[in-house]
Amino acid sequence: MYRAVTRQIEVTVEPNFVPEQSSADRSRYFWSYTIVITNSGEETVQLKTRHWIITDASGRQQEVKGEGVVGEQPILAPGERFEYTSGVPLSTASGFMTGRYQMVSETGERFEIDVPTFSLDSPDSKRVLN
């Protein structure tokens, strides 16, 4: 599991390789990832936008920006959490994702929180240690 905390808002990510949606013969590899956002702060916040940078094993980057996550812009009161699962395909057997969410506080202040960088590894990927 991967974890980042910004302004008392915790984001955890659990990626999972999905072999039944992947095919090495067709250079298609698919992962699901489950994200939990927990508001440990003292003010209510709302997730407004997402910004992802997805990098495959060849160094190719894809940028994804949009409103909300999985069609929602969740509001999190102090102590509340929001969980969702999404997915990402790559043409290589490994890669990684990193991102940020834009939040807005109940006073109207906009700020960004980090999504931890997380690794996408399939059983077909070769591990390289530097």
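Are W52 and F118 buried or exposed? W52 is buried, and F118 is too (buried is under 20% relative accessible area, exposed over 50%, partly exposed in between, with a 1.4 Å probe and protein chains only). This is a predicted model, where local features need pLDDT of at least 70, side-chain atom pairs count only at pLDDT 80 or more, and totals for chains, interfaces and linings use all residues. Residues are numbered from 1 along each chain as its sequence is written, and side-chain values use heavy atoms, leaving out hydrogens and water.

**View 1. W52 meets F118.** There are seven aromatic pairs in the structure (Phe, Tyr and Trp rings, the last by its six-membered ring, with centres within 6.5 Å; planes under 30 degrees apart are stacked, over 60 edge-to-face, the rest tilted). In this one the ring centres of W52 and F118 are 6.1 Å apart and the planes sit at 90°, so it's edge-to-face. W52 belongs to strand β4 (residues 45-56) and F118 to strand β9 (residues 110-121), 66 residues apart (strands are DSSP E runs of at least two residues, numbered from the N terminus).

**View 2. R7 over F111.** R7 lies over the ring face, 3.8 Å from its centre (the cut-offs: NZ of Lys or CZ of Arg within 6 Å of the ring centre and within 35 degrees of the ring normal).

**View 3. β2 beside β3.** Strand β2 (residues 9-17) pairs with strand β3 (residues 29-39) in the antiparallel sense over nine bridges (pairing takes at least two DSSP bridges). V13 has I35 in β3 as its bridge partner.

Terms used. Helix = DSSP H or I, 4+ residues; strand = E, 2+ residues; numbered from the N terminus.
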